[in-house]
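Here's a quick briefing to read with the model open beside you.

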Amino acid sequence: MRSLMWTLSLLYFLCCSSFSQTSPVSTNESTPQLDHFDASKVDPSVNPCTDFYQYACKRWIADNPLPPDEIFWGAFGKLQLWNEALVHQTVLDIASKPSAERTPVEQKVGDYWSACMNEKQRNAEALNTVRPTLQRIEEMSTKSQIAEIVAELHRVISGAWNPGDAETYAPMFGFGAQPDFHNTAQVIPQLDQGGMALPGREFYLNMDAKSAEIRKKYVAHVAKTLELGGETAAKAKADADAILKMETTMAKSAMDIVKRRDPKNLDHEMSLDDVRKLAPDFDWTRYLRLVNAPSSSKLIVTSPDFFRGTEQLIKSEPLDHWKAYLKWHLLARLSPQMSDDFVNENFEFYGKTIFGAKAILPLWRRCIQAEDRDIGQALGQAYVARAFPPESKERVKHMVKDIEAALSADIDSMDWMSPGTKRQAHIKLAAQIDKIGYPDHWRDYMALEITPDHHLANVERAAAFEFERQLRKIGKPLDRTEWGMTPSTVNAYEDAQTNTINFPAGILQPPFFDPTRDDSVNYAAAGAVIGHETIHGFDDQGRKFDENGNLHDWWTAADAQAYEKRGDCIADEYTEFVPEAGVKQNGRLTQGENTADNGGIHLALAALENDLKAKGESLEAKGEDGLSNLQRFFLAYADIWCSNLRPEMMRTLLLENPHPLDKYRVNNVVSNMPAFANAFGCHKGQPMVRENACRVW
Ligand SMILES: [Zn+2]
């Protein structure tokens, strides 16, 4: 699943913890004003042809410093806060209703909220809730029992993770359901690498001073957490050293993040016997029985080397180290949902060291985010009713169709593609399903027990509910209508295996989709988002999937070669050292996103031009603000990327995330476009007119 922005899993440790000293803020105090496009906000002291990002964003950046509890702040962050405030108001209304007057869905929403906000109960009971599992780990007498404990941890922890993103996080390894790479009609089990609690393998393996410093703090954090869980200080310290060593071994056998982008590298189908041979010391039979996985003649093993490495670890590490590792993963995942001591310790390391936050989010936001993760489609119904009228859905549907028509024309115009490949591209585009706003059928949570008085128990049951829901897909036909994001999410995604593009109602709000602004602004913002996701189906990895989502090569060798040459241009263009973060942006890691940004805005512009023509207008026509439609289009595009970012967050993103930094999402994109140079009168030799402009779509 390829998204517009980094996804919440990266922010998990920040977003979903549930205790703090801060008292809840009322909605009115916390509701931010949404930004609306305003052409007068540019900085006239900057030449748009020298640095368009600074021209469009310098004043915004100065006027909108990062709030202490935020790690990035821009259009996305403001809208996220606005959405959460709206959902918060709804939840408060529900929670204040007498139980007898609530609908069954409202009952879950209200009870989850009450339990999450009950700090007194959580402080008193959290450790008691996890103690039986800690005890079971302590009582293990042989390494063959590791499978038993991992099965339990996967049930109460893994479900809370977005399956497509859980590549490092699930304890020991990841287990879930995935469409068969070669026959997406069939869903089969998937075994993925995992087992690490730092944000990615680079955090274990990079040798620079900053990485070493983070690892030192990590060991201290692991020790402190184990101590809070009941270990003596001396044992906790020794255990933490052993845990870092084990996770580093896992990192070494895990597949590199750039290699993982290529679905061909993940395409290893195996029988259960093959899996047993890969890691014979793990009791697969017992694990699969305990998680209640439907049987399947084959499994996808994304990185066999990782499981070979895990087998070596089972052999080499003493049982005591495995006990420490399993306890750590239990506590690490649940800390944000536990008592103040665990919450604050978790925030000190993940919130501050990894992401650079200065203060923890207020409790009400952490509870709304946890609830959105656990029963998001129950919350989403209320959000949609308040914030996404049918007219918005109709208008966006129309824009999506216009942008798809622009891609269809774009495919026809490509001089480097042969007619046969173009034909296949058209077939794929025509088969793409557009999903706008929210699901046609809401998820049924009736089988999930939520009580008003025990947050951690609710969280564990919700995780198990989700884990079981995922595993139940095995052996069943693929459901292309399912959503992987909740309705209030400020993001969007394309999914190659379902061949769908998905736009939650949460992003179809100002400044992305703004009924108070003209078409130039809406095509630049919402249109570029729609174009971005549409292009993902045809980016350097998306192009490897066919109209049914199968991994099937529909390109002639010559066309594929021509494509790759264009892709290399994009990858090289975005590879650059970022001094503020102290690391390099890797154009190979961000290639798919770069392709989607560059192609997406072309489609949005073409769709705008068609739309204006149909109304007898033009891109060159000037509006009341003295700007041409084309100038307003580029400014509105830049505006959605105006942002402030903590240096720690920047570093973590550059190392682990496939999206480029916001500045590059503007300057690299516009400097590749002759239409931009025309709009602002830029000429050859100026920084925003690239000598070797890249173009794929
Ligand atoms: Zn994307």
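Which cysteine does a disulfide join to cysteine 116? That would be cysteine 367, with an S to S distance of 2.1 Å. Keep in mind that this is a predicted model. In total, the structure holds four disulfides, and three of them are walked through below.

**Cysteine 116 and cysteine 367**
- The link of cysteine 116 and cysteine 367 is left-handed, with -90 degrees about the S-S bond.
- Cysteine 116 sits in helix α5 (residues 104-117) and cysteine 367 in helix α18 (residues 363-387), so the pair ties together parts of the sequence that are 251 residues apart.
- As for solvent, cysteine 116 and cysteine 367 are both buried.

**Cysteine 49 and cysteine 682**
- Here the sulfur atoms of cysteine 49 and cysteine 682 are 2.1 Å apart, and the two form a disulfide.
- The S-S torsion of cysteine 49 and cysteine 682 comes out at about -80 degrees, so this disulfide is left-handed.
- Distant parts of the chain get linked, 633 residues apart: cysteine 49 is in the loop between α2 (27-30) and α3 (52-63), while cysteine 682 is in the segment after α28 (674-680).
- Cysteine 49 and cysteine 682 are both buried.

**Cysteine 569 and cysteine 694**
- Cysteine 569 is joined to cysteine 694 by a disulfide, S to S 2.0 Å.
- With -80 degrees about the S-S bond, this link of cysteine 569 and cysteine 694 is left-handed.
- The pair bridges distant parts of the chain, 125 residues apart, with cysteine 569 in helix α23 (residues 557-573) and cysteine 694 in the segment after α28.
- Buried or exposed? Cysteine 694 counts as buried because its relative accessibility is 4%, whereas cysteine 569, at 26%, counts as partly exposed.

**Helix α19 against helix α24**
- The axes of helix α19 (residues 390-413) and helix α24 (residues 591-614) come within 8 Å and cross at roughly 110 degrees.
- On the α19 side, the contact is made by His398, Asp402, Ile403, Ala406, Leu407 and Asp410.
- On the α24 side, Leu603, Ala604, Ala606, Ala607 and Asp611 make the contact.
- Sorted by type, the residues of the α19 contact with α24 are seven nonpolar, one polar and three charged.

Technical notes: Residues are numbered from 1 along each chain as its sequence is written. This is a predicted model: local features need pLDDT of at least 70, side-chain atom pairs count only at pLDDT 80 or more; totals for chains, interfaces and linings use all residues. Side-chain values use heavy atoms; hydrogens and water are left out. A disulfide is a pair of cysteine sulfur atoms within 2.5 Å. Helices (H or I, at least four residues) and strands (E, at least two) are DSSP runs, numbered from the N terminus. Buried means under 20% relative accessible area, exposed over 50%, partly exposed in between (1.4 Å probe, protein chains only). Axes are lines fitted to C-alpha atoms, for helices over the stretch in contact, and angles run from 0 to 180 degrees between N-to-C directions. Contact means heavy atoms within 4.5 Å. Ala, Val, Leu, Ile, Met, Phe, Trp, Tyr, Cys and Pro count as nonpolar, Asp, Glu, Lys and Arg as charged, and the others, Gly among them, as polar.
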